[in-house]
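The following paragraphs lead the reader through one protein chain, from its overall composition to selected details. Please keep the sequence and the structure in view while reading.

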Amino acid sequence: MAAEKGSHHEGQQSHGNVIGYGEFARRTVERKLAAFPGLGRWYGERVSALSAMTVSRVPLTGEGGWGYEATDSGREINKITSGFFDVNGYYVDTGRRKEDGSPIAWTQAGIEQKESEVTIPTPDGTVTMNASGLVGIIKDDKGRILLSVEQEPFIDIFNHTAARTPFQTSASKLDGIIKGNKDLDKNLSEVFDIIGEGKTPSELFQSGEVEVFRLAYADANRIKATNLGFTTVVRDAEKQKQLEANGRRWCTAEEVQALAAAGLVNGHTLAAVLPGLKLAADQSPTPEKIPA
């Protein structure tokens with residue numbers, strides 16, 4: 001894969017042999033994927049198939065789509081708002097003290113992802129919670145994971161791309177799908193139809209055939225977001241082939257690890273893949289209780 005020009009890292013220098021960030025990224029990718037030539041070809045072909053994405057700055061409010069709430073005096077901003085995220089100010093007190101007795105504390109901005117209520121039937125019972133989104137991991141009977149190559153604006157190499165699960169949706173859409181409204185996310189609904197063999201999404205979650213879990217926080221120092229993951233296995237070869245549409249690929253755990261080492265995996269996808277790996281602890285008959 002050719003390195004991209006125009007990265008904000010371009011031109012940075014170091015001692016010895018000087019290369020740009022784009023060249024460093026290209027060499028890293030080639031080295032990490034060398035043991036998986038088919039994987040590198042797939043990724044490169046998918047990047048080439050995508051339109052060239054451009055990302056430029058605009059005013060945050062107005063045409064930028066965000067608004068703000070000012071204090072009564074108009075001198076300070078209380079809150080910045082948008083359809084998907086809000087930015088609030090916070091005072092954080094760690095509860096610890098410096099040697100002079102003053103608190104170790106600070107003020108900071110917190111990015112809050114909008115949440116909505118979702119009700120999910122599980123083998124343990126029906127749970128209702130507030131969540132932001134859902135990340136789905138589909139595996140085959142060999143343990144391979146279905147991935148696609150997609151664009152995200154702030155990835156600054158390889159035409160803004162990363163490998164990720166093709167199945168990500170909002171909590172409100174998942175809630176609607178479980179209640180029978182397939183039109184909210186036709187892509188995810190189609191997957192449930194393929195794997196369901198006549199069962200509804202609600203029945204798939206209730207039976208545990210689709211297992212739901214809390215997703216690890218991405219950057220809880222700055223971002224407040226409750227995301228969920230789900231994982232399921234597709235064993236039928238014909239259905240596995242159906243899911244390969246639009247350039248998707250079944251990747252082994254080792255290939256996912258190589259993509260991660262190359263910096264080419266979406267963070268939420270990686271966070272959702274790890275809980276699906278079978279560990280010895282999964283066989284423990286008595287889970288250890290953790291204090292609240």
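The protein chain contains 8 helices and 14 strands; helices (H or I, at least four residues) and strands (E, at least two) are DSSP runs, numbered from the N terminus. This is a predicted model, in which local features need pLDDT of at least 70 and side-chain atom pairs count only at pLDDT 80 or more, while totals for chains, interfaces and linings use all residues. Residues are numbered from 1 along each chain as its sequence is written, and side-chain values use heavy atoms, with hydrogens and water left out.

Confidence deserves attention at the outset. The score used is pLDDT, the predictor's confidence in each residue, from 0 to 100. Its average over the protein chain is 87, and 88% of the residues score at least 70. Confidence is lowest in strand 1, with a mean of 86, and highest in strand 14 (residues 249-251), with 97. Over residues 2-7, pLDDT stays under 50, and the model has 13 contacts for them beyond four places in sequence; a contact means heavy atoms within 4.5 Å. Residues 10-14 also have pLDDT under 50 throughout, with 6 contacts beyond four places in sequence. Where pLDDT is low, the predicted coordinates should not be read in detail.

The chain as a whole can be described by a few totals. Of its 292 residues, 34% are buried, where buried means under 20% relative accessible area, exposed over 50%, and partly exposed in between (1.4 Å probe, protein chains only). The accessible surface comes to about 18000 Å², and carbon and sulfur atoms account for 50% of this; such areas come from the Shrake-Rupley method with a 1.4 Å probe, and for residues only the protein chains shown count as cover. Among contacts between residues at least 6 apart in sequence, 57% join residues at least 24 apart.

Which residues of helix 1 are buried? They are Gly 22, Ala 25, Arg 26, Thr 28 and Val 29. Seen down the helix axis, these buried residues fall within an arc of 165°, so they line one face of helix 1; the arc is that of the directions from the helix axis to the C-beta atoms. The buried residues of helix 1 pack against helix 7 (253-261). Within helix 7 lies Glu 255, which counts as buried because its relative accessibility is 9%. Leaving aside residues up to four places away in sequence, Glu 255 touches Phe 36, Leu 39, Arg 249 and Trp 250.

The strands come next. Two strands pair if DSSP finds at least two bridges between them. An open sheet of 5 strands, with mixed pairing, has the order 1-2-3-4-12. Its edge strands are strand 1 (67-70) and strand 12 (223-224), each of which pairs on one side only. Strand 12 pairs with strand 4 (residues 103-113) in the parallel sense over 2 bridges, and Ile 111 stands opposite Ile 223 in strand 12. Elsewhere in the listing of pairs, strand 5 (residues 116-122) and strand 6 (residues 125-131) are joined in the antiparallel sense over 7 bridges. A hairpin connects strand 5 to strand 6 through 2 residues, and Thr 122 stands opposite Gly 125 in strand 6.

Strands 5 and 6 are also among the neighbours of helix 3. In helix 3 (residues 171-178), 6 of the 8 residues are buried, so this helix is largely enclosed by the rest of the structure. The buried residues are Ala 171, Leu 174, Asp 175, Gly 176, Ile 177 and Ile 178. They pack against strand 5, strand 6, strand 7 (133-140), strand 10 (167-170), helix 4 (186-196) and helix 5 (201-207). Just after helix 3, Gly 180 takes a positive phi of about 110°.

Most residues other than glycine have a negative phi. Phi of Phe 158, however, is positive, near 50°, and this residue counts as buried because its relative accessibility is 3%. His 160, found in the loop between strand 8 and strand 9, has a positive phi near 60°. His 160 is buried, with a relative accessible area of 12%.
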